[in-house]
Amino acid sequence: MTKTRLPADQRRAEILSAAAGLFLRHRFEGVSMGMIAESIGTSRPNIYTYFHHTEAILDALLDERLAAITPDLQALMVPGEPVDFAALFEVLGNHRELLLLSCGGSAELRERREAFDDAMIGGLTQALGSQRLATYPVLLPLVSGLLRGVVYETVVRETPTGDPQEVAQRLNAFIRGGVTAVVEQETK
């Protein structure tokens, strides 16, 4: 049986799809170009025609996933408007693969993940009341760490430790109350 030669864009999409599944099952560090080639029934040199290394594949996957999630996140993070954490967790849950894929890779990919995290946290802190956070910069790492932890626990984990809807209902009040408490303590 002769294998059908795919157009370049279809072959590239096939490689990306196979690699995403392998990265999620075996983590980034556990996947080789040979594994990707084998999973789609092609040769390693054929994979190298499209991507020079696994990090280039992961980078392309992250580009695709970030492009897909960005409009959804921007719609939720309107400065001066309350953050709908239930909607945020739903968006992140719908894009869970992005969060999982962004856990592997080189220092450069970790820098991209941190830039994404920082952009998301920045948008959220703006929406939560940037003037208070700007006045008390010590709050930013506290809010940022809290949000990262809550997102991991309720969205990324295979078995979430809490109901995302319930957590989301309380998170906004908790953050606003915590920021207010710190501001009041600082002004005494």
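**Entry 1: the core**

I began with the largest nonpolar core, which has 47 residues. The residues with the most contacts inside this core are F23, I36, I57, L73 and L92. I note here that the model is predicted. Next I looked up which helices build the core. At least two core residues each come from α1, α2 (33-40), α4, α5, α6, α7 (107-135), α8 (139-156) and α9 (164-187). The largest share comes from α4, with nine residues. For background I wrote down that nonpolar side chains tend to be buried together in soluble globular proteins.

**Entry 2: L92**

I picked L92, one of the residues with the most contacts inside the core. What does L92 touch, leaving aside its neighbours within four places in sequence? I found contacts with I69, L73, L99, M120, V151 and V155.

**Entry 3: α4 against α5**

I then looked at how α4 and helix α5 (residues 85-94) lie relative to one another. Their axes come within 10 Å and cross at roughly 175 degrees. Angles over 145 degrees count as roughly antiparallel, so α4 is roughly antiparallel to α5. I listed the residues that meet: I69, D72, L73 and L76 on the α4 side, and A87, L88, V91 and L92 on the α5 side. Sorted by type, the residues of this contact are seven nonpolar, no polar and one charged.

**Entry 4: H95**

I moved on to H95, which sits in the loop between α5 and α6. Is H95 buried or exposed? H95 has a relative accessibility of 17%. The cut-off for buried is under 20%, so H95 counts as buried. Leaving aside neighbours within four places in sequence, I found H95 in contact with A68, I69 and D72. Of these, I69 and D72 are also listed in the contact of α4 with α5. I also checked H95 against V156, which is 61 residues away along the chain. Their C-alpha atoms are separated by 9.7 Å.

**Entry 5: salt bridges**

How many salt bridges does a search of the whole structure find? The search gives three.

I took the pair E14 and R11 to start. Their side chains meet in a salt bridge at 2.5 Å, N to O. Both residues lie in helix α1 (residues 8-26), three residues apart, which is about one turn of the helix. I looked up how accessible each partner is. R11 is buried, at a relative accessible area of 5%, whereas E14 is partly exposed at 26%.

I then turned to R65. R65 forms a salt bridge with E97, and the closest N and O atoms are 2.3 Å apart. This pair links distant parts of the chain, with R65 in helix α4 (residues 54-76) and E97 in helix α6 (residues 96-101), 32 residues apart. E97 counts as partly exposed, at 30% relative accessibility. Salt bridges that share partners join E64, R65 and E97 into one network.

I checked the remaining bridge in that network. The side chains of E64 and R65 meet at 3.1 Å, N to O. E64 has a relative accessibility of 37% and counts as partly exposed.

Technical notes:
Residues numbered from 1 in each chain as written. Predicted model: local features only at pLDDT ≥ 70, side-chain atom pairs only at ≥ 80, totals over all residues. Heavy atoms only, no water. Salt bridge = Lys/Arg side-chain N within 4 Å of Asp/Glu carboxyl O. Helix = DSSP H or I, 4+ residues; strand = E, 2+ residues; numbered from the N terminus. Buried < 20%, exposed > 50% of the residue type's maximum accessible area, 1.4 Å probe, protein only. Axes fitted to C-alpha atoms, helices over the stretch in contact; angles between N-to-C directions. Parallel < 35°, antiparallel > 145°, perpendicular 65-115°, else oblique. Contact = heavy atoms within 4.5 Å. Nonpolar A, V, L, I, M, F, W, Y, C, P; charged D, E, K, R; others polar. Core = buried A, V, L, I, M, F, W, Y, C linked by side-chain atoms within 4.5 Å.
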